[in-house]
Amino acid sequence: MSVLHVARRLLPWGKGEDDDALLHAVAQGDKQALQALYRAYHPRLVRFLSRHLRREDLAEEVINDCFWVVWQQASQFRGGSRVSTWIFGIAYRLTLKALRDRGDEPLADPEGDDHHGACDTEGQREQQDWLSKGLATLTEEQRVALQLAYEQGLDMEEIAEVMACSVSAVKSRLFHARTKLRHVLPQIANPGKAA
């Protein structure tokens, strides 16, 4: 019985122990384990990348490149971080490379993002619009740090690893992002009362 089958029975998908078992199987050349990792991470990576890339096809290309790197380098993973941190780090670096290679600017809030479809009321849509406009005022590094912290649930050390910076840089980016949002969101919500 393969590691993939044992992992399916014993552990819920997307948990650290499961990811470790799957990555170990990938390192041994198990293509089914790679497919399982791909299926587990694809939705999260699409959400993460769609906030920074202009085109859906480019996001898919980055995800495919990311899993090519996972396939090639799985045996080099030493377990110094969670598998999810490692995968997001690869995807983040490939995204930066793709943007540099194409001369594109990252997006603050890409068109076609499905978060509007998830809002059931007009008030929720309006609130999401305010947040999107607020996020657009942040630097790319601040947006990525916020997204990794609040959407992906990574801790400071993991964010630092993904972004290839120090923990203090992550803390600074998060602090400045929250401070800026605290000031701009009320102005966006009530443009007539802006000072």
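Biologist: Let's start with Gly 89. Where does Gly 89 lie?
Modeller: Gly 89 sits in helix 5, which covers residues 83-102. Keep in mind that this is a predicted model.

Biologist: Buried or exposed, that Gly 89?
Modeller: Buried, because its relative accessibility is 2%.

Biologist: And how far apart are Gly 89 and Cys 66?
Modeller: In space, 9.3 Å from C-alpha to C-alpha; in sequence, 23 residues.

Biologist: Left-handed or right-handed?
Modeller: Helix 4 passes helix 5 in a right-handed crossing.

Biologist: Which residues meet there?
Modeller: On helix 4 you have Leu 58, Glu 61, Val 62, Asp 65, Cys 66, Phe 67, Val 69, Val 70 and Gln 73. Their partners on helix 5 are Trp 86, Ile 87, Ile 90, Ala 91, Leu 94, Thr 95, Ala 98 and Arg 102.

Biologist: How does that contact of helix 4 with helix 5 split by class?
Modeller: There are 12 nonpolar residues, two polar ones and three charged ones.

Biologist: Nice. What about helix 3 against helix 5, what's the angle there?
Modeller: The axes of helix 3 and helix 5 cross at roughly 50° and come within 11 Å. That angle makes the two helices oblique to each other, and helix 3 passes helix 5 in a right-handed crossing.

Biologist: Who meets whom in that one?
Modeller: Helix 3 brings Leu 37, Tyr 41, Arg 44, Leu 45, Phe 48 and Leu 49. Helix 5 answers with Val 83, Ser 84, Ile 87, Phe 88, Ala 91, Tyr 92 and Thr 95. By class, the contact of helix 3 with helix 5 holds 10 nonpolar, two polar and one charged residues.

Biologist: While we're on helix 3, is Ala 40 buried, exposed or partly exposed?
Modeller: Ala 40, in helix 3 (residues 31-50), is partly exposed, because its relative accessible area is 24%.

Biologist: Which residues make the contact?
Modeller: Helix 8 supplies Glu 141, Val 144, Ala 145, Leu 148 and Ala 149, while helix 9 supplies Ile 159, Val 162 and Met 163. In the contact of helix 8 with helix 9, seven residues are nonpolar, none is polar and one is charged.

Biologist: What's going on with the phi of Ala 164?
Modeller: Phi of Ala 164 is near 55°, a positive value in a residue other than glycine. Ala 164 sits in the loop between helix 9 (156-163) and helix 10 (167-189). Its relative accessibility is 65%, so Ala 164 counts as exposed.

Biologist: Zooming out, how many helices and strands does the chain have?
Modeller: The chain has 10 helices and zero strands.

Biologist: What share of the chain is buried?
Modeller: Buried residues account for 39% of the 195 residues.

Biologist: And what share of the contacts join residues at least 24 apart?
Modeller: 64%, among contacts between residues at least 6 apart in sequence.

Biologist: Last topic, confidence. What does the pLDDT average?
Modeller: The chain averages 79, and 75% of the residues score at least 70.

Biologist: Where does pLDDT stay under 50?
Modeller: Residues 1-15 are one such stretch, and the model has 22 contacts beyond four places in sequence for them. Residues 107-119 also have pLDDT below 50, and that stretch has 24 contacts in the model beyond near neighbours in sequence.

Conventions
Residues numbered from 1 in each chain as written. Predicted model: local features only at pLDDT ≥ 70, side-chain atom pairs only at ≥ 80, totals over all residues. Heavy atoms only, no water. Helix = DSSP H or I, 4+ residues; strand = E, 2+ residues; numbered from the N terminus. Buried < 20%, exposed > 50% of the residue type's maximum accessible area, 1.4 Å probe, protein only. Left-handed = near helix turned anticlockwise from the far one by under 90°. Contact = heavy atoms within 4.5 Å. Nonpolar A, V, L, I, M, F, W, Y, C, P; charged D, E, K, R; others polar. pLDDT = per-residue confidence, 0-100. Axes fitted to C-alpha atoms, helices over the stretch in contact; angles between N-to-C directions. Parallel < 35°, antiparallel > 145°, perpendicular 65-115°, else oblique.
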